[in-house]
Each structure stands twice: as C-alpha cells, then as structure tokens.
Amino acid sequence: MSDKERNTRLTTASGKPVYDYEDSQSAGPRGPLLLQDFFLHEKLAHFNRERIPERVVHAKGSGAYGTFKVTHDITKYTRAKVFSEVGKETRVFLRFSTVGGEKGSADSERDPRGFALKFYTEDGNWDLVGNNTPVFFIKDPKKFPDFIHTQKRDPYTNCKSATMVWDFWSLNPESLHQVMILMSDRGTPLSYRHMHGFGSHTFSFINAENERVFVKFHFKTLQGIQNFTDEEATRMKGIDPDQAQRDLVEAIDRGDFPRWAVKVQIMTEAEAATYKWNPFDVTKVWSQKDFPLMDVGVLELNENPDNYFAHVEQSAFAPAHIVDGIGFSPDKMLQGRILGYPDAQRYRLGANYEQIPVNRCPFAVNNYQRDGAMRVDGNGGSKPNYFPNSFDDSYADEKYKQPAEHLGQNVVADSFDRNAEGENDHYTQPGDLFRLMTAEEKQNTIKNIVGAMKGIGGPKRDLIINRQLCHFFRADISLGLGVAQGLGVDVTAHTGGSMQPSV
C-alpha cells in the first residue's frame, strides 16, 4: 500500500479501516439496524459530544497566530526573556471576543471586547488577558458573578434585561468609568483590527537586580481606531453576525496583517505609595501625563488557524500564567482572576488543558502532575510522581524567586470597604473622559445611553433611572442633563434627593 493510500483511507478512531462510511448495518435491506455496527455507535456518540461547554464569559471569539517583535530596550525594568534584546521575536496567539453574549451572538453587540494574548516564551507561556478598555466595571472579584449575571439572561424571562444591567450599575458607581466607554462609540468597534488592547490590570516588572516596578500594558492599533455608530452596529447584527470574525480571517488571508504598537507605563513602588489614585484599582487609569507611554515593540497577526475549534475554541488563557521578570500586583480583580481563570479552563477543557497544542508550552515542562482525563504526554512514564524523591534530579531553581512584597507596617488580612474614603471618587475620570469628547461624540454617547436605558422596566424603573442619573450628573452636569432630557425626566422636579420622571 502506498503512503497516499494509507494516509487517505477512512478509519475508525482506533485506526481500523472503514469499508462503508455511509450505510448502517441492518437485518436485510429494509430491516432494523444491528447492535453490532460499532462504527455507527462511534459516529453518533462522538457527534453527541462535539460541543464542549462554552465559556461563561467571552464565549464568542476569534483568534490568530502572529509574532511580537521587540523594538526598544526595556531590560532596565524587566529580566523577562521575551524582552531580552531589540529585534527578538516571540510567537503569539491572540484571541478577541465579546464579553456578555453567547457563542452564537453577534460580533457587533455593544460590549467590551476581550484581548487575550499568549506569548510562547522559552521561560514558559505568558498569558496577558485584558480587554479593549483600560478599565473594568468592578474592582473586587467577589462581585464578578453578580455582574456577569446582569449581562446574561433574566432567570424568569430568559431574555436580556436592561433593568438588571442598569440596576446593578446604579448600585455600583465604581462601574461608571467603564460604562462611559461602553456607551460611547468605542462600545461598538468596527472590527477587531481597528481597536486598541490593554492588559487593563496593574502588573509588575522585575529586573536582573531583583528590583520591582509596576507596569500597565497598552496595544495601540496601527490600523487606526474605527467604530460603528449604534445604528450601524444594530444593522450589522442582521446583515452578518459574524462580521468581525470574517473580517479578521479575510484580512490575514489576503496578507493585510493587523499590527499593534506595544507600549507600557511604568510606576515605581515609591510613586505607587503616594499616587493620587489607587494604582491597583482597575476602575481607574494612570494619567499618561504622569506616566508617559514607552515604546516596547510591535505585535503582528499573520497566520490564521487551520481549524477554528482546535485552536480558537480550545485556547485557554489565565493571568496566573506569568514568566520570570513579570509579576502581579495588589490589584484585587487581578488577584481574583489568578484563581478564577485556570479553574474555568479546567472545568471547560479538563485538568490537562495545557497539553492541548494551542496551549502547550513549546519548551520543556517538568512537574509531578499526573493522571486526569485526556493525559496525552506520557504521564511521566515510570518516573516518580512525588517530590522530593531519591530517584531523579529535579529541583526548584531559586534564581527565579521574586522579591518580597512589602505591604507596610500593621497590615492585616481582612475584608475592607473597596470604596472607603480616598477610594470613592467614581466621577472625576468619567467626567474628564466625557469632556474630552467632541460635540458629535458627546451627542452619540448620550444617545447610546438613552437608547440603552429606555429598556429599563418594572416597578423599580424610576428608582433605577434616577439613581443612575445622579451618577451621570456627578460626572458632568451636561451629561446628566442630556440623558435626563432624552429619557423625559423633569430635573426641575428634583426634590428630597430624587428626580421624578415627567408624565
């Protein structure tokens, strides 16, 4: 038999050649099917199991491979090998996504966009899991399940609910900064290629002298920012709900490789201790006047996966995956994601999800993890499955130890009010953002907010609207007036701490 014949003949999953791929065995041409037709069972059983659980968040996504190339020296800040020299290239995989919708939802929904990067470095895989926004809706992970529930479906109607969404936001003014971005035209990007990306959280760099600085990551699209208006985004949902997926695949196929300029902001530990904002609060940004953007490199996507499921659907990212020279920070949402993301992947893909090719480190992996479903790497063979032991020479390399984190004197582990005095200014930065907009951008943002809030219903409708209007007024009076006018709320009737909608 030739190699061509051997490689193209149909077989069962165990390799047995199949002589009839389409006709089930039966008792005569018109008789019942036979239990012994094991290939029929195999086909149907595998078909029943083709769908893995979709991601609870970021279910609808697109992805591609590419390269990150260092263009500027930042080794004074970090010893991470991915940044070790100008000109160095590292293979990457980038997955874009919407956040709140299901796997079959439309790409043009008003929603933040996920921006999840996997760097395949010689020190292990580094996952930088962020969004197309520099901030987030909440700053404590204990609130995350509640927030996501409001973005999903009402447990009674099984429909999306503006009431749930705005009720939560009105009860959590820390969300206002992200709400302002979401309700601007940036909430409906034209494509994944035409939006920025951010690490969002505060991370840390550690250099060769074991010195720590804090860092934020920025990815500036070199294609230019382009957004849909609300009307255009709504129209695109009906024309092509997979528009962003199609755009990415077709651009790469024709050689129009999307690129982003990679930049960082750096803050010293001393600066972090005295900065006017909590630098570890993911609902806040660092002023680029105080901490200018520094050029690092260029990210390019240049290779479409040959199979969507194998690469994009099975890709798994976790902020817990860092490499030497990169560390965490006291960012509470980041701390929660360190736990939550790997747990989500183990549930969705299994305990050995990091052996799937798209997630597998291309360099040496050596540990004592064993067994579990879909173990495909030899499972350690006959080597010991415990440490320490007397039979191998594995060791923990102390040179990779990070410096201790000095949290100050008299620091205790406890539950703290995330919005205590000094942490409760939810309005200055959203107001500044609104005032930076052009007149047209302001008008679009107000129109988008009004359109979204008109969906609020039920007996608490007026309470929710009035509560949220108070937040907008505190951010900027003209913003509050514009939204109130669009909703038909008579602000002159404001008495006793509440605003009454006009009849």
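A polar contact is a pair of N or O atoms within 3.5 Å; within protein, one atom must be able to donate a hydrogen and the other to accept it, and residues adjacent in sequence count only if both atoms are side-chain atoms. Such a contact joins the side chains of Y341 and R337, at 2.9 Å. The structure is a predicted model, in which local features need pLDDT of at least 70 and side-chain atom pairs count only at pLDDT 80 or more, while totals for chains, interfaces and linings use all residues. Residues are numbered from 1 along each chain as its sequence is written, and side-chain values use heavy atoms, with hydrogens and water left out.

**The annotated active site**

- UniProt, in an unreviewed entry, gives the annotation "active site" to H58 and N131; UniProt positions follow the numbering used here, feature names are shortened, and annotations may be inferred rather than shown by experiment.
- These residues span 74 residues in sequence, yet no two of their C-alpha atoms are more than 10.4 Å apart, so they gather at one spot.
- The lining of the largest cavity includes both H58 and N131; on a 1 Å grid over the protein atoms alone, a cavity is a set of points where a 1.4 Å probe fits but cannot get out, and lining residues have an atom within 4 Å of a point.
- H58 is found in the loop between helix 2 (38-48) and strand 1 (61-70); helices (H or I, at least four residues) and strands (E, at least two) are DSSP runs, numbered from the N terminus.
- H58 counts as buried because its relative accessible area is 14%; buried means under 20%, exposed over 50%, and partly exposed in between (1.4 Å probe, protein chains only).
- The side chain of H58 reaches the backbone oxygen of T98 at 3.4 Å.
- N131 lies in strand 4 and is buried, with a relative accessible area of 9%.
- Leaving aside neighbours within four places in sequence, N131 is in contact (heavy atoms within 4.5 Å) with residues including H58, R113 and G114.

**The annotated binding site**

- The feature "binding site" is placed at Y341 by UniProt, again in an unreviewed entry.
- Y341 belongs to helix 10 (residues 332-349) and is partly exposed, at 21% relative accessible area.
- Not counting residues up to four places away in sequence, Y341 touches H58, V129, F317, A318 and P319.

**The largest pocket**

- The largest pocket holds about 1600 Å³ of space; a pocket is an open set of grid points with protein on both sides within 12 Å along at least five of seven lines.
- Grid points are joined across faces, edges and corners, and a volume is the space filled by probe spheres set on the points.
- Its lining comprises 45 residues, of which C361, A364, V365, N366 and N367 lie nearest the centre of the pocket.
- Strand 4 (124-131) and helix 10 are the elements that give two or more residues to this lining.

**N359 and the cysteines**

- N359 sits in the loop between helix 10 and helix 11 (428-436) and is buried, at 2% relative accessibility.
- The side chain of N359 reaches the backbone oxygen of Y353 at 3.2 Å.
- Residues touched by N359, not counting those up to four places away in sequence, include K118, N125 and Q314.
- C361 is buried, with a relative accessible area of 14%, whereas C159 is partly exposed, at 42%.
- With a disulfide defined as a pair of cysteine sulfur atoms within 2.5 Å, the count of disulfides is zero.
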